[in-house]
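Here is a short briefing for a first look. Please keep the sequence and the structure at hand while you read.

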Amino acid sequence: MVEAPAADDDWSLIRRSAEGDLSAFEIILARYDADLRGFCRRFSRDPHDLADLQQEATLKAWRACGSFDARSSVRTWLYRIVANTAIDEHRRRVRRPQPLAELPEPRPTGASHESTVVELDALRHALHRLPEHFRIVVTLAYGHGWAPRTSRPCATSRPRPCAPGSRGRGCCSGPIWPRTTASERRREHRAAGDRPIRGRGGRRSGRRSVPVAGWTLAIDLGGSCMAVAGRRGDRIDTVAADLPSLVARAPDGLLRTGEQAVALAASHPHLCEPDPMRALTRSPAVVRLGGADADAVDLVAAVLAHGAGVARAQFTQPPSATVLTHPALWTASALRQLATAAVRAGLPEPRLVAGPVAVAAHYGMDATRDGAHVAVFDLGDGLDVAVLRRTRTGFALAGPPGRIAIGGADFDDALVELVADRAVDADPATWDLLAHDPGERWATARDRLRQDVAALRRTLSGHEVADLGLPGFDRPVRVTRPELEARLGPIVRRGVEELRATVERAGLSVADLAALYLAGGAARTPIVRQTLAAEFGLTPGDGDDPGSAVVLGALRRPTRPAGPLTVAPPPVAVTADASRRAGRFPAAGPLAGAQPPTVRRAAGWRPWRTRVDASATTMAYAAGRLYVGGGVVCAIDDYSGAVRWTSPPVPKLQTLAAAGDAVYGYDGGRVLALDAATGRPRWAYQVTGAVLAHPDGVLVGTRADVRSLDAGGRERWRRALPGEVNAFAAPGDGRLYAGTADGRVHALAETTGDELWTAGIAGGPGRALSPAVVADTMFVTTADAVWALDPASGEALWSGATTEPAVTVLATADTVYAVAAGVHAFAAGDGATRWRTGPGQRLAAVPSVGGGAVCGRVDGAIVCFDAVTGRPRWAHRTGAAHDPVIANGLAVLAYGDIRPAGTGRTTVAGVDLADGHRVWSGGPAGIVVLAPMVVADMVFLLVRDNQGMGVWAVDGRTGEHPDRIGPPEDRAPTDPSRPAPLTAW
């Protein structure tokens with residue numbers, strides 16, 4: 001049961017009651033009168049005892065108003081008083097000289113009065129010989145309606161029964177348990193398979209226990225029914241396959257689930273919500289029940305709690321983990337609501353699994369090879385279809401899933417029409433009454449008919465002919481499977497066409513599918529299997545019970561092949577900052593343009609557009625997700641554009657990075673860590689400096705020291721350095737390099753912070769250093785030179801003079817570029833000068849290096865020159881522009897109106913690095929506020945338009961885009977958009 005939240009003024013009413021205000025106390029009693037009466041019925045069935053219990057509890061509550069400490073709600077506080085009052089009364093009764101006289105007389109069973117008296121007397125004498133604590137249990141269970149539980153006794157120090165569902169202090173798993181000694185409790189725990197926890201001082205304590213192995217609860221909450229399963233160890237069991245999923249609000253205001261909700265819905269349909277899961281997708285997530293609004297999260301929580309209670313009766317203890325399934329097309333908001341409902345139901349924070357992924361895992365985890373594609377046809381309350389790809393850890397969507405509104409209800413409607421035709425032929429008058437008469441008798445018959453039709457459909461799945469008895473008809477109606485299939489054929493073909501379209505959206509053909517899996521109760525119908533087999537040439541797999549495939553698959557664990565797997569390298573994000581990050585940031589990837597050509601996006605990818613928060617200012621990428629940060633952070637699937645989660649509000653972030661299982665943001669004075677899977681905040685660390693994120697935590701360089709934080713935000717070490725820290729790098733070679741203002745470079749052990757070596761660099765104190773490690777060589781800049789050092793020892797390898805102080809150094813395996821206003825290129829092996837720009841050739845920012853080219857901004861233009869010879873290649877006069885990004889043999893440019901508050905639009909183009917012609921160009925209807933990000937052959941743009949902020953995903957090969965960035969525009973030599981001559985270079 002999910003309680004509605006208490007009114008906001010309960011606390012003020014209690015305070016007034018404590019001061020003697022009787023009217024305030026009467027308001028509280030009126031507010032919770034129905035709840036208290038219902039709760040009192042749990043302790044006694046006798047109406048006189050109920051009245052006495054409520055009166056005594058009311059008096060105790062009035063006297064205790066001054067001791068209410070607000071640690072719980074007023075409702076819970078009143079419940080606790082009622083429970084304690086009932087327990088005190090039971091104890092008083094069992095201490096009386098003849099406590100068994102209060103047991104009710106047994107009902108007549110046909111035996112003689114004499115034998116009944118003899119049996120009752122023997123029972124009383126036998127109970128009287130029992131120890132007191134056992135006699136209490138029997139008396140409460142059989143004399144006062146307390147339901148015994150199957151749970152093991154918990155190790156409480158004294159008998160203290162708690163109301164079912166209570167979370168108060170001292171609550172135990174059964175209604176009441178005897179006092180036991182510590183040695184007796186230890187023997188009980190060993191017999192039950194529990195492991196005692198060591199208490200203080202290392203002594204073994206029997207007061208608490210931890211199960212050797214917990215169990216995982218899985219719930220598949222559908223539109224009309226709910227499937228529940230559990231896993232303990234390697235064993236997976238179906239607990240229930242068709243629990244009712246509807247929820248109803250009783251006239252007393254409490255929520256009812258299960259059979260109680262079914263009964264209530266029959267008499268009060270306006271108090272019932274048949275599909276609470278669907279309500280989570282509404283905005284706002286509110287359901288109208290009985291003239292009042294109900295939070296859809298509370299309704300789902302009530303249903304989940306009911307399913308968990310059914311499973312707990314089998315597993316005898318609460319679950320240690322929870323898995324919930326959901327439709328593949330659900331938004332991040334709906335998923336967040338579902339997770340909240342699970343927590344409100346008292347379940348562990350859930351792991352969420354898309355339904356098609358669970359189905360594929362159920363059937364194909366052990367039967368498909370890595371990289372194979374499978375299709376899922378889930379026909380339940382609706383039809384969900386998807387194409388998935390086998391990965392090393394399970395299955396992932398290979399393309400956008402599909403959903404159409406056909407399901408078991410449509411099958412039942414078709415069968416009702418067939419039954420109606422037969423019934424009209426037999427007795428049209430009686431069928432007219434059954435179909436349309438508003439009387440109670442015929443209305444009840446219609447409800448039963450729907451249930452009988454569903455059973456008839458299941459019968460016809462295994463038999464050619466079946467009979468159905470109808471109320472008011474002398475003879476049953478006979479229906480055959482061919483007749484039903486003739487009516488179901490058009491419905492099934494719609495589903496088949498949707499699956500075929502889904503396969504095509506994934507960029508695949510039917511021949512590319514390794515398997516086809518069925519799920520959902522309606523998938524048992526033979527015509528479904530037959531039609532799919534004929535259309536796709538595959539024998540659909542549906543197991544013994546396709547209705548439970550989703551919930552069972554959610555509990556499947558990934559299996560790993562015996563031999564090593566060849567896994568394609570993951571795509572790396574290439575940005576305008578990629579050249580500067582290479583050699584300085586851990587796992588920063590290759591220089592821009594060095595992306596392996598074999599790395600491509602997933603098959604079936606299509607351009608997409610997704611709205612994000614208007615405060616977005618930065619982006620990061622890792623493991624198939626694009627993270628967009630500002631006043632909130634959101635995670636976007638790079639394949640579909642679906643928002644997987646949105647974080648709570650955070651301080652306005654300046655930078656964002658994803659590493660390991662966390663996303664790190666920096667707002668100028670704080671490092672924030674979010675969970676990469678859920679977006680929940682983990683920790684914050686106050687610091688000002690440079691921040692480098694890596695899979696094991698964060699490295700921070702301040703002006704006075706360098707620090708290492710672990711993934712939990714705790715300091716591993718802190719190393720103070722003798723000079724002010726100007727720059728530092730962590731390239732991932734196990735060492736951290738810091739340049740200080742006194743002209744020295746310090747190498748520290750990344751794991752401990754121990755200083756490995758220090759080297760003095762000529763150039764004088766106060767000059768910024770910019771260390772970078774590429775190809776086992778460290779390069780640093782000083783006021784007038786570039787130095788190459790051995791990163792293992794700090795030994796100087798060579799130095800090359802520069803004509804002006806360099807801002808930074810960019811390095812490849814064979815060339816080093818010292819960047820100031822111009823560029824000076826050195827050979828990486830010996831420091832020989834290769835080329836340099838002239839005095840008038842000034843760059844506006846650090847350029848991008850890659851694909852054999854150096855590309856950067858000058859005033860009003862983007863220029864490109866050869867990375868080896870320095871020979872100018874081309875220039876595009878662009879006006880204002882973002883820094884170019886080099887990837888896949890192209891320079892991706894964004895220019896035009898790039899002001900965050902601008903009113904124009906930005907042009908985006910892919911320019912060939914060799915001759916500067918535009919391979920594609922165009923622009924979204926808005927302003928690109930950040931330089932583009934390229935992942936494989938996808939281009940991500942952060943765009944502000946008249947509707948707010950959004951992320952655009954563009955095809956990096958063709959320029960295809962949701963706003964139709966066009967094909968090549970300027971291959972003709974006379975086209976004015978051809979590259980301009982490099983007269984200034």
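A search of the whole structure finds zero disulfides, a disulfide being a pair of cysteine sulfur atoms within 2.5 Å. The model is a predicted one: local features need pLDDT of at least 70 and side-chain atom pairs pLDDT 80 or more, while totals for chains, interfaces and linings use all residues. Residues are numbered from 1 along each chain as its sequence is written, and side-chain values use heavy atoms, with hydrogens and water left out.

**Cysteines**

- A disulfide is a covalent bond between the sulfur atoms of two cysteines.
- For Cys864, the closest cysteine sulfur belongs to Cys855, and at 4.8 Å it is too far for a bond.
- Cys864 is buried, at 1% relative accessibility; buried means under 20% relative accessible area, exposed over 50%, and partly exposed in between (1.4 Å probe, protein chains only).
- Cys272 is buried too, with a relative accessible area of 14%.

- Four strands make up an open, antiparallel sheet in the order 22-23-24-25. Strands here are DSSP runs of E with at least two residues, and helices are runs of H or I with at least four, numbered from the N terminus.
- Strand 22 (618-622) and strand 25 (643-646) are at the edges. Each has a single partner strand, so one side of each lacks a neighbour in the sheet.
- From one strand to the next, the twist averages 20°. Axes are lines fitted to C-alpha atoms, for helices over the stretch in contact, with angles from 0 to 180 degrees between N-to-C directions.
- Five antiparallel bridges join strand 22 to strand 23 (residues 625-629); pairing takes at least two bridges found by DSSP.
- Met619 lies opposite Val628 of strand 23.

**Nonpolar cores**

- The largest nonpolar core has 71 residues, and Phe377 and Val628 have the most contacts inside it. Such a core is a set of buried Ala, Val, Leu, Ile, Met, Phe, Trp, Tyr and Cys residues joined through side-chain atoms within 4.5 Å.
- Helix 13 (residues 408-426) gives the most to this core: eight residues.
- A second, separate core has 38 residues, including Trp215 and Ala240.
- Beyond four places in sequence, Val628 contacts (heavy atoms within 4.5 Å) residues including Val612, Met619, Leu656 and Val951.

**Val496**

- Val496 sits in helix 16 (residues 481-505) and is buried, at 1% relative accessibility.
- Val496 and Glu535 are 39 residues apart along the chain, yet their C-alpha atoms are separated by 7.8 Å.
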